[in-house]
Amino acid sequence: MAQSEEVFVGSIDQGTTSSRFLIFDKQGEPVAVHQEEFRQIYPNPGWHEHDPNEIVTSVENCIEGALKIFEKDGHKKESIKAVGITNQRETTVCWDIKSGEPLYNAIVWTDTRTAALARELKAREGSDKLQDICGLPISTYPSVTKLLWLLRNEEKVRKAYEAGNLAFGTIDAWLIYRLNGGPKNNVFVSDPTNASRTMFMDIHSLKYSDKTIDFFSYEFDLRKVHMPEIVRSADQKAFGKLTSGVLSGFPITGCLGDQSAALVGQKGFEPGHAKNTYGTGCFLLYNVGTKPVISTHGLLATVAYNFDGKPVYALEGSIAVAGSGVKFLMNNLGFSSQSHKISELAETVKDNGGLVFVTAFSGLFAPYWIDDAQGTMFGLSHHTERGHIARATLEAVCYQTKAILDAMEKDSGHKLSELRVDGGMSNSELCMQTQADLVSIPIVRPKMRETTALGAAIAAGFASGVWKTFDELKEVNTAGQTTFQPKMRAKDSAKMFKKWERAVSMCKGWVAEEEKEEGDDEAAKELGEESKKEGRVAASL
């Protein structure tokens, strides 16, 4: 039976393909969990949407399901001191601030419909100054391009804007707003780890930037759009409380974007600590301390967390396709119905058989930032088997992680001594060993890999007094970790990576002909010239 002194923290983990609710004890161990997937909507090639109401419903169902398990095991819900939230980040929701109803599906962070708009924005005077302010380059990735697309193309969104009723937010803001009862209580906030993904926040001051908002207001005055108040990642009151369901009245006291949450869950509290999360996409965060580092090598500056008013920053490398590449083999090519079988299939061959798979289904993110790249396989032959394709899919994530680590070393001036990992693909022994071989440093995988949800619980726990110092967390989730040591000769791993870089240089420019047919000759010419240039580079490799 549960003891009266037991203390727990709840964690809402709202991801790209599913929502979950986990309940952690003070030792950081999950004692109950419930997960629910929701629809992935792909209206057109390159488009990816979610139903905002389905996301809220899935979270509510997960809270109810996890609490049933929790109480069945003899615990009392009153021992849950607070709830934290972690979420997919750049995904954008627009709703009517008066009715609380969404005006369009959420546009997901992987969506590439804004590629032409991103090129248009890059061509505007002053675009090269934005990254110094907000930490992000213009691309299809940040929320701003999704908001501008909705204003241009969706009548409901435009009418709400004209009436002064348009609310914009990332998933954290939408969830907190709805869990607090919507327009009735109007709790409309976002934390800096999420707000930093919009391009509207000054990463130095953690306030909205007049300069970036002015830059993006050339067609619509974005000051007319309701944006969430930016508050600390851990706060006793700012996030309100749940107003319905089995935990009605329980406080929400922490919020972190998913990748920052994973860094916190891996206890990456010191400068030089880094983690890589192999989820739907793959995201590497490197703690750089209390001052942001603006990358000159294709990385992003982001907020790691802000618990006490003194923000901690990170360099980030974002890879669009990781676990979603495995899903592609399962759902589109029929390789298997279970994700772990893809790793087993990859193990049936001794190497990739000369195959390189650039999984650019959403273009390529860091450190390349090639919006017009498309998924491309190089080296197909009569020798190629399904195992080679499976292996090349896993390797694609490892190659991109190496490219990011190389860029981080250049930006920070320091080489990592180890890399902590988590996320679904980290379960693959083959993938993690390949990663260690390519980056030539140890890969450390914890036994309990729910680090993203744990990070949100830690944020909520700090605000509610469950934990008071980082020292209290030193021993959390340390037992049973696995370390993968590099085994491959440096010369061999360098040869593999050189082949990958050549493949990347050759996967650009696929939309140039389409642009030309649609009458955008200037864009087609620009893409064509870039493709020729890359072709010359590839020929020299």
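Ser 233 is in contact with Asp 191, Pro 192, Thr 193, Phe 239, Thr 253, Gly 254, Cys 255, Leu 256, Tyr 305, Asn 306, Phe 307 and Ala 459, leaving aside its neighbours within four places in sequence. The model is predicted. Ser 233 sits in the loop between strand S12 (229–230) and strand S13 (252–257).

**Ser 233**
- Is Ser 233 buried or exposed? Ser 233 has a relative accessible area of 0%. Buried means under 20%, so Ser 233 is buried.
- The side chain of Ser 233 makes a polar contact, at 2.8 Å, with the side chain of Asp 191.
- Asp 191 is also one of the residues in contact with Ser 233.

**The seven-stranded sheet**
- Seven strands make up an open sheet, ordered S16-S17-S15-S14-S20-S21-S22. The pairing is mixed.
- Strand S16 (300–305) and strand S22 (482–484) stand at the edges. Each has a single partner strand, so one side of each is left without a neighbour in the sheet.
- From one strand to the next, the twist averages 30°.
- S22 runs antiparallel to strand S21 (residues 443–445), and three bridges join the two.
- Which residue of S22 is the bridge partner of Val 444? The partner is Thr 483.

**Helices on the sheet**
- Helix H12 (residues 386–412) packs on the sheet. H12 touches strand S14 (274–278), strand S15 (282–289), strand S17 (312–319) and strand S20 (419–422).
- The direction of H12 makes about 145° with that of S17.
- Helix H13 (residues 429–439) lies across S14, S20, S21 and S22. H13 runs at about 150° to S21.

**Covered elements**
- Helix H9 (residues 258–265) is mostly covered, with eight of its eight residues buried.
- The buried residues of H9 include Asp 258, Gln 259 and Ser 260. Leu 263 and Val 264 are also among them.
- Lys 267 follows H9 and has a positive phi, near 55°.
- Strand S6 (residues 92–96) is mostly covered too: five of its five residues are buried.
- In a regular strand, side chains alternate between the two faces of the sheet.
- Both faces of S6 are covered. Thr 92, Cys 94 and Asp 96 are buried on one side, Val 93 and Trp 95 on the other.
- S6 pairs with strand S8 (residues 166–170) in the antiparallel sense, over five bridges. Gly 169 in S8 stands opposite Val 93.

**The second largest pocket**
- The second largest pocket has a volume of about 330 Å³.
- How many residues line the second largest pocket? The lining has 17 residues. Asp 351, Asn 352, Glu 395, Met 488 and Met 496 lie nearest the centre.
- H12, H13 and helix H15 (490–506) each supply at least two residues of the lining.

**Backbone details**
- Ala 366 and Pro 367 are joined by a cis peptide bond, with omega about -10°. Pro 367 lies in the loop between strand S18 (356–358) and strand S19 (376–378).
- Asn 186 is not a glycine, yet its phi is positive, about 50°. Asn 186 is in the loop between helix H6 (171–179) and strand S9 (189–190). Its relative accessibility is 39%, so Asn 186 counts as partly exposed.
- Ser 440, also not a glycine, has a positive phi of about 60°. Ser 440 is in the loop between H13 and S21. At 39% relative accessibility, Ser 440 counts as partly exposed.

Technical notes:
Residues numbered from 1 in each chain as written. Predicted model: local features only at pLDDT ≥ 70, side-chain atom pairs only at ≥ 80, totals over all residues. Heavy atoms only, no water. Helix = DSSP H or I, 4+ residues; strand = E, 2+ residues; numbered from the N terminus. Buried < 20%, exposed > 50% of the residue type's maximum accessible area, 1.4 Å probe, protein only. Polar contact = N/O pair within 3.5 Å; in protein donor to acceptor, adjacent residues only side chain to side chain. Contact = heavy atoms within 4.5 Å. Pairing = 2+ DSSP bridges. Axes fitted to C-alpha atoms, helices over the stretch in contact; angles between N-to-C directions. 1 Å grid on protein atoms, 1.4 Å probe; cavity = no way out; pocket = protein on both sides within 12 Å on 5 of 7 lines; lining within 4 Å. Points joined across faces, edges and corners; volume = space filled by probe spheres on them.
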